[in-house]
Amino acid sequence: MKILSVKVVISMLIIGAFYLPINAYNYLDDVDNITSNGMSSAYTIYAGMPYADYVTNFSKLSNWTGVKGSFCIEYYKNNDGNESVVEKVSVIKENDIISTFDIHFFTNDYNVVRNILKRTTTNLTNKLGYPQYKKLGLESYHWKTGPHSKVFVSVYQQTPSRTADSKYKYHVIIGSVYDPYVL
């Protein structure tokens, strides 16, 4: 009888493993993908990219949903609502050319923020060298990547407002900026 119950338990464990989500969202995998090339591009986005290409590329992805934002269409990574992190992509364009692109992570979990910040700074430091540090929000690190460009990661503690993103306590932005007039 005892052998039968052991076999039943093992069988249940094996069967249960097949029902686990195979492609569960891992925000650190996304951080690695975003920062692996020093933010010269992220996903399919790069500074200088035609805005129409950005919209076309993301509109074809079934796991991203477009929403009209302040400056352009922003895309949110779809999840089942149980993840502790929400991810968003946004861009700023000038004359229909992308000059800035940002990847945003929203969460209420400060440990998630620390994990994202640590992984991002490690990956970008390995690729771009030691960052120039500036205090903006809770923490912010900047890497100058050219005479008019920089890469940054910043953490903010949010206050509630009318936007859907403000329901989360923390906001991490990983971005790449090109500005021939300011930097």
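Student: What share of the contacts with a separation of 6 or more comes from residues 24 or more positions apart?
Tutor: In this predicted model, 50% of them do.

Student: And how many helices and strands are there?
Tutor: There are 4 helices and 8 strands. Going from the N terminus, the order is α-α-α-β-β-β-β-α-β-β-β-β.

Student: What percentage of the residues is buried?
Tutor: Buried residues come to 39% of the 183 in the protein.

Student: OK, helices next. At what angle do H2 and H4 cross?
Tutor: Roughly 25 degrees, with the axes coming within 10 Å. H2 covers residues 27–35 and H4 covers 110–128.

Student: So what do you call that, roughly parallel or roughly antiparallel?
Tutor: Angles under 35 degrees count as roughly parallel, so H2 and H4 are roughly parallel to each other.

Student: Is the crossing left-handed or right-handed?
Tutor: Right-handed, as H2 passes H4.

Student: Which residues make the contact?
Tutor: From H2 you get Tyr 27, Leu 28, Val 31, Asp 32 and Thr 35. H4 brings Val 112, Asn 115, Ile 116, Arg 119, Thr 120, Asn 123 and Leu 124.

Student: How do those divide into nonpolar, polar and charged?
Tutor: The contact of H2 with H4 has 6 nonpolar, 4 polar and 2 charged residues.

Student: Let me pick on Val 31. Buried or exposed?
Tutor: Buried: Val 31 has a relative accessible area of 0%, and the cut-off for buried is under 20%.

Student: What is Val 31 in contact with, leaving aside neighbours within four places?
Tutor: Val 31 is in contact with Phe 105, Ile 116, Arg 119, Thr 120 and Asn 123.

Student: Switching topic: where is Met 39?
Tutor: Met 39 is in the loop between H2 and helix H3, which is 51–59.

Student: What does Met 39 touch?
Tutor: Skipping residues up to four places away in sequence, Met 39 touches Ile 34, Phe 101, Leu 124, Val 151, Ile 174, Gly 175 and Ser 176. Leu 124 is also one of the H4 residues in the contact with H2.

Student: What about Ser 176, where does it sit?
Tutor: Ser 176 is in strand S8, residues 170–178. Ser 176 is buried too, with a relative accessible area of 9%.

Student: How far is the backbone oxygen of Met 39 from a polar atom of the Ser 176 side chain?
Tutor: That distance is 3.5 Å.

Student: Which other residues does Ser 176 touch?
Tutor: Besides Met 39, Ser 176 touches Ser 99, Thr 100, Phe 101, Asp 102, Lys 150, Val 151 and Phe 152, not counting residues up to four places away in sequence. Phe 101 and Val 151 are among the residues touched by Met 39 as well.

Student: Last one, Thr 107. Which strand is that in?
Tutor: Thr 107 lies in S4, residues 97–107. Thr 107 is buried, with 2% relative accessible area.

Student: What does the Thr 107 side chain reach?
Tutor: The side chain reaches the backbone oxygen of Ser 84, at 2.7 Å. Other residues that Thr 107 touches include Val 85, Val 112, Val 113 and Tyr 168. Of these, Val 112 belongs to the H4 side of the contact with H2.

Terms used. Residues numbered from 1 in each chain as written. Predicted model: local features only at pLDDT ≥ 70, side-chain atom pairs only at ≥ 80, totals over all residues. Heavy atoms only, no water. Axes fitted to C-alpha atoms, helices over the stretch in contact; angles between N-to-C directions. Helix = DSSP H or I, 4+ residues; strand = E, 2+ residues; numbered from the N terminus. Parallel < 35°, antiparallel > 145°, perpendicular 65-115°, else oblique. Left-handed = near helix turned anticlockwise from the far one by under 90°. Contact = heavy atoms within 4.5 Å. Nonpolar A, V, L, I, M, F, W, Y, C, P; charged D, E, K, R; others polar. Buried < 20%, exposed > 50% of the residue type's maximum accessible area, 1.4 Å probe, protein only. Polar contact = N/O pair within 3.5 Å; in protein donor to acceptor, adjacent residues only side chain to side chain.
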